[in-house]
Amino acid sequence: MSSSLRARPQTRWWALIVISLTQLVVVLDGTIVNIALPRAQADLGLTDGQRQWVVTAYALAFGALLLLGGRIADYVGRKRVFMIGMLGFGAASLYGGLSQQGWELILARGLQGVFAALLAPAALALLTVTFPSGRERNTAFAVFGTVAGTGAAIGMLLGGVLTEFTDWRWCLLVNLFFVVVGVVGGAIVLTESKAEGENRYDVWGALTVTLGLGLLVYGFTLAENGWGDPLTVAFLVGGLALLGVFVWVESRVSQPLLPLRVVADRVRGGAFLIQGVAGAIMIGATVYLTFHLQFVLGMGALQAGLASLPLPIATMVLAPIATKLLPVIGPRPMLIVGPLIAAAGLFTLSGITPDGAYFVQIAPALVLLGIGMGFVFIPLQNLALSGVAPHDAGVASAVANSAMQIGGSIGLSVFTAVYAASVGGHAQAEVSPEGLTDAYGWTFIAASILMVGASVIAACMVRGSKETLLPAQGDTVLAAH
């Protein structure tokens with residue numbers, strides 16, 4: 001680690017605040033527009049299909065480019081890339097907030113994702129090398145994991161407040177505040193680090209993984225037209241084929257975009273898969289909760305945002321408890337039990353009715369979901385980066401973030417397909433409240449099945465004693481310069 005951080009250990013905690021703020025803006029931007037979507041759709045004349053792309057464009061660009069962003073951060077310098085990402089994210093947010101047509105908003109969301117793909121891995125890599133091991137690392141990652149876990153729900157609340165009292169455009173323009181704080185704070189408290197040695201970019205790896213993920217996610221968005229539709233099958237097969245080529249390329253180049261050793265580790269691979277499922281729930285499933293609150297229960301934007309509060313509150317209340325439990329019982333029990341609790345909450349949500357009371361049908365389910373996700377997110381970030389060499393810190397953090405975003409993109413597409421099948425392809429305005437509620441219920445059942453799958457993944461792949469799964473107090477991972 002740099003001498004400046006050793007001389008001023010308090011700087012690390014200021015760095016944690018700046019980095020966590022970055023993670024908050026990156027995660028909440030995945031959902032902050034959700035509650036504003038009905039008004040943005042009416043204002044810009046978006047179709048139902050275009051409306052989905054306001055969410056998908058961000059998550060897809062973010063997830064598809066994260067690996068490249070992680071390597072750029074490793075090679076160019078994590079602080080430098082952090083600052084570039086912040087400024088670009090602010091510019092894209094300004095463009096989106098001032099957009100006058102639907103395609104401009106979708107383009108702006110895609111550009112936000114591009115710069116978030118630079119920003120997020122740089123931030124997490126900085127956190128990894130700033131807190132290399134021990135109790136302070138566990139605390140830092142607990143804070144970071146709590147922010148990651150609650151950011152999506154906080155985005156819905158903030159989106160409701162801004163949409164109700166100002167205008168939906170402020171759901172994008174508010175990012176300028178975070179950008180100013182991030183740029184100023186980052187310039188003062190963050191210390192530069194980057195990978196040593198000769199560095200070359202893996203161009204073919206970048207092309208195949210970006211195009212492969214793009215085709216795969218787009219194929220899932222077409223699934224609402226039917227899983228057997230030739231175009232859907234073509235995009236899904238093409239995406240999988242390109243990802244297969246990507247793996248082949250990575251096994252043969254001297255400096256791969258994604259060293260296969262990062263994902264080949266069973267425990268770390270399991271963590272990445274669980275991260276993908278978590279993204280599907282927090283980015284994908286929460287969209288349909290928002291729709292139910294507004295379109296069926298008739299809540300306004302602010303009321304719908306407030307109605308989502310039990311989810312982040314439950315996670316934040318659980319966070320200090322889970323943080324204390326982590327070194328005692330280890331991450332494995334949390335990652336087995338947590339998804340099951342979240343699945344119970346989602347299954348409870350599937351029982352919603354058009355005239356059901358919020359405090360009976362929704363609030364208890366959100367509390368269960370928040371508790372379950374708390375047990376997932378607290379150990380997950382730490383586990384995903386445990387034992388990663390400094391040279392791979394940026395790319396490993398990129399995989400963790402990419403899994404969340406791509407999981408969110410695929411999850412939203414799958415849930416949309418489930419919804420479309422339930423309503424028979426009719427437009428939302430043509431479906432009765434009972435029909436909408438039934439369709440939303442099926443999406444929550446699908447989400448609960450995914451969470452049970454996450455628990456199975458943890459049981460099968462996250463194996464080992466707590467001492468081997470968590471960095472030991474004396475096992476310091478040295479920062480790269």
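Modeller: By the ring-pair rule, the count comes to eleven aromatic pairs; rings of Phe, Tyr and Trp (its six-membered ring) pair if their centres lie within 6.5 Å, with planes under 30 degrees apart counted as stacked, over 60 as edge-to-face and the rest as tilted. This is a predicted model, in which local features need pLDDT of at least 70, side-chain atom pairs count only at pLDDT 80 or more, and totals for chains, interfaces and linings use all residues. Residues are numbered from 1 along each chain as its sequence is written, and side-chain values use heavy atoms, with hydrogens and water left out.

Biologist: Which class of aromatic pair do W53 and Y218 form?

Modeller: Their ring centres are 5.9 Å apart. The angle between the planes is 40 degrees, and the class is tilted.

Biologist: How many residues apart are W53 and Y218?

Modeller: Helices are DSSP runs (H or I, at least four residues), numbered from the N terminus. W53 lies in helix α4 (residues 48–76) and Y218 in helix α10 (residues 203–221), so the pair links distant parts of the chain, 165 residues apart.

Biologist: Is F220 buried or exposed?

Modeller: Buried means under 20% relative accessible area, exposed over 50%, and partly exposed in between (1.4 Å probe, protein chains only). The relative accessible area of F220 is 16%, so F220 is buried.

Definitions and conventions:
Helices (H or I, at least four residues) and strands (E, at least two) are DSSP runs, numbered from the N terminus.
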